[in-house]
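Please walk me through this structure in the viewer, one selection after another. I have not seen it before.

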Amino acid sequence: MSLKKILIITTEHASYPAANAVGQGRMGYDANTCIIRVPDPVMFPEDFYIRAFEKGIGGIIIMSSGSDCPYEGAYERLAKRVDRVYAKMQEGGIVPSRLKLTTICSVCRAAFLKEIAEMEKVVAAL
Amino acid sequence: MNANVEGNVPGDVSGRQPKVAVYICHCGGNISDTVDVAAVAAAMAQYPGVAIAREYPFMCSSGGQDLILDDIAKLGVERVVVAACAPSLHELTFRGVLQRAGINPYLYEHVNIREQVSWVHKADHDGATAKAIRLVQAGVEKVLRQAPLSALHAPANRRVAVIGGGPAGLKAALCLAAKGHEAVIIEKAPWLGGKLRDLGKVFPTGAEASETLRKLEELVAAEKRITVHTRAEIDSISGFVGNFTITFNTPDGSSQVTAGAVIVATGFEHYRPHPGEFGYGQAAHVITLPELISLLKDSPPRRLEHHGKEIKSLAMIHCVGSRQVEGVHQPQADGKVNDYCSRVCCSAALYTINRLKDKYPHVRIYDIYRDIRSYGMQHEGYYERASKHGVLFFRHTETDQPIVESSERGHTVKVKDVLTWNEEMEMQVDLLVLVTGMMPSDTKRLTSQLKLSVGADRFLQEVHPKLRPVEMAIEGVFVAGAAQAPMDMTEAIAAGAAAAAKAAILLSEPEIPLKPFVAVVDESRCTGCGDCLAECSYQGTLVMAEVNGRTVAQVNPALCKGCGACVAVCPTRAINVAGWTLDQFEAMVEAIAKA
Ligand SMILES: Cc1cc2nc3c(=O)[nH]c(=O)nc-3n(C[C@H](O)[C@H](O)[C@H](O)COP(=O)(O)OP(=O)(O)OC[C@H]3O[C@@H](n4cnc5c(N)ncnc54)[C@H](O)[C@@H]3O)c2cc1C
Ligand code: SF4
């Protein structure tokens, strides 16, 4: 199974508009990426990520809104959950660098591209 | 609030798979120049569950919308996927089409293949096409698992809060009052008028700014429906469309205003040159254009003076703090340069030059620019007049900035002049005027509390510059004037009137439809463990209640924010956010991984 696809989980309020801003600026990145839009990634349980890796996703970038998050306590809960996902990944022999939790605001175009470039290196090495 | 959200069970299609139609938009070449739209439509026509897949030049046009209506009427299409531009632009347009056809508007999925495909993979047509297919397949999987939803309804407060009492805010308040709405102006300065207060005679009318402002203030004061709070520092702003609460502090104490809509008209700040930028703040007789305008307001006839020195010559340098180039200019505190054009300053500079020449014909003026962008009806006339006045123009490139050397005797300005084939020009002047640009006012508190989008230039970003030019992505929040982009007063006033019209339309009905994306419980799956309660940050949103002899989780949709924190911890997947269920996301990821 080729593990080159990168799943980018974006938030409706912040990182999804950032992805659009990258497009409006005609800045390029690789087409092995797919962006999904959620109210907040806090909704995904630990096994959602594990199942995505099992299905053949190479890398996952969770682009949360961080302290800009409109939902109370959501970022803190998400960060704790991602720690638990890392533990599960370790148990299952999945390289931890295949999952990255980051924060991207609606104008973070450079940071958005940097996260993708870093994950490209991870999936290239798989 | 009346909650009417059906469960997370896909709509009733009598046990068979619903008929899905897929439409791929060319966006007039914006998409189809990169993505092979015919190949995407052909691939989708074969995809399980898809009844029909089409491509069309402009799906948002009436022709595109009719195509969907026709397919619903003639082919019995029950769910729709449109792959086009960003959902912020047209998701609502297409939901409206479904509604017009008598289908639940939420049985719709919008796939973004422009901002997130064709515009970012221009050099990789095959990769972009394959990615578009993956995303549209994921969209079909999502819509197949979509339940019909009904909007929630909230009572609408008819009052509108206008933040900022400059020309845009004042006009917005006056228009709202004329339409029968109460308007509350919350202004942080001790007075109304914004930057209009600092100006002298203003283009294009030639009226005295103070006179224009006096008329506006009189109209506002005479209007019973307008309340004004000055020296008001916003402390917090919360709520949602129909029901915002704004708390602010004035010297008299803390006050609160409730409003159904908010118009943000916070305007701009003048760019402050860095210490030493062209000598500003360090050498004597270096001022900005707004400072020159103030100087001219009170200057005596015949003799132009600055700090006791007679000014017989001056040079203006355009684009100071605007159209900056990375590596050439010093960035702002956030590490970014101001790469945008401030638009108004060329006209303002030329208009001021003409006023100065009318009053002091003997003053020699040199105008040093990169481009003259005197946009606006007949503003080119200001340039022609300045030329007739004998003003000498010099043009430089973006990297060859003018060089200023200042001494006790005055300033020597050197410029490599493009108009004379890069000849090195040198001039001696008494006064240097920096044509400074516009930067947005500090709206950090507002943007972070209301979650407003800000563009790369830090100005507030509307949903769409042409289709929804005064609407912010957060429902019930509108933008007017220079808070959105550099603009002159006629534009700011027009924007104020437009924002007022939009707010008045929104609040014209007693109830406002709200998005139905809140948590819903499938009671048949709920075991009553209560894990979700501990996860919810919003008190009272989730409770355990007895239903048909079983204890199950219950959601108060009026309080639920739809974040989904509860979803992740439910061991039986009984709770989901309507329209964004875990099953939908898992099916999308499967489609993306597989394709
Ligand atoms: C040098 C120069 C010359 C110009 N000359 C002309 C001219 O001749 N003709 C013309 O048409 N245009 C001219 N303009 C443009 C004109 O100044 C603007 O178009 C106009 O002021 C914009 O109005 P506004 O209401 O959007 O913003 P502003 O005038 O900036 O008013 C915004 C108001 O919001 C308030 N505010 C800001 N933040 C907050 C907050 N957080 N809470 C509460 N209140 C807040 C401010 O105190 C201010 O009162 C000129 C501009 C410049 C820079
Ligand atoms: S309007 Fe003129 S001076 Fe102002 S930034 Fe644009 S080009 Fe420069």
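**Start at one glutamine**

Select Gln484(B) and Glu462(B): their side chains are joined by a polar contact of 2.7 Å. Keep in mind that this is a predicted model.

Stay on Gln484(B) and show the backbone of Pro469(B), whose oxygen lies 2.6 Å from the side chain of the glutamine. Next, display what surrounds Gln484(B): apart from neighbours within four places in sequence, the residues in contact with Gln484(B) are Phe459(B), Leu460(B), Glu462(B), Pro469(B) and Val479(B). Is Gln484(B) buried or exposed? Gln484(B) counts as buried because its relative accessibility is 11%, under the 20% cut-off.

Now colour the secondary structure. Gln484(B) sits in the loop that runs between strand 27 (477–479) and helix 12 (489–506) of chain B.

**Zoom out to chain B**

Select the whole of chain B. Its C-alpha atoms fill a box of roughly 90 × 60 × 40 Å along the principal axes. The chain has 14 helices and 32 strands, and 55% of its 595 residues count as buried. Among contacts in chain B between residues at least 6 apart in sequence, 69% join residues at least 24 apart.

Colour chain B by domain, using these ranges from the domain assignment:

- domain 1: 1–151
- domain 2: 160–267 + 441–512
- domain 3: 272–437
- domain 4: 518–577

**Between domains 2 and 3**

Keep domain 2 and domain 3 of chain B on screen and hide the rest. Their C-alpha centres are 32 Å apart. At the boundary, 17 residues of domain 2 of chain B are in contact with 20 residues of domain 3 of chain B. About 1400 Å² is buried between domain 2 and domain 3 of chain B, and carbon and sulfur atoms give 53% of this area. On the side of domain 2 of chain B, pick out Phe203(B), Arg458(B) and Pro486(B), which lose the most area to domain 3 and together make up 45% of what that side buries.

Which residue forms a salt bridge with Arg458(B)? The partner is Asp334(B), with the closest N and O atoms 2.6 Å apart. Across this interface of domain 2 and domain 3 of chain B there are two salt bridges and 10 residue pairs in polar contact. The residues of domain 2 of chain B that touch domain 3 are eight nonpolar, two polar and seven charged.

**Bring in chain A**

Show chain A again, and select the residues where chain A and chain B touch: 46 from chain A and 53 from chain B. The two chains bury about 4100 Å² between them, with 57% of it on carbon and sulfur atoms. On chain A, select Arg37(A), Met43(A) and Lys55(A), which supply 16% of the area that chain A buries against chain B, more than any other three residues.

Then move to Arg51(A) and Glu586(B), whose side chains meet in a salt bridge of 2.9 Å, N to O. The count between chain A and chain B is four salt bridges, and 19 residue pairs are in polar contact across this interface.

How values were computed
Residues numbered from 1 in each chain as written. Chains lettered and ligands numbered in written order. Predicted model: local features only at pLDDT ≥ 70, side-chain atom pairs only at ≥ 80, totals over all residues. Heavy atoms only, no water. Domains from an automatic or database assignment. Contact = heavy atoms within 4.5 Å. Buried area = accessible area lost by both parts, 1.4 Å probe. Polar contact = N/O pair within 3.5 Å; in protein donor to acceptor, adjacent residues only side chain to side chain. Nonpolar A, V, L, I, M, F, W, Y, C, P; charged D, E, K, R; others polar. Helix = DSSP H or I, 4+ residues; strand = E, 2+ residues; numbered from the N terminus. Buried < 20%, exposed > 50% of the residue type's maximum accessible area, 1.4 Å probe, protein only.
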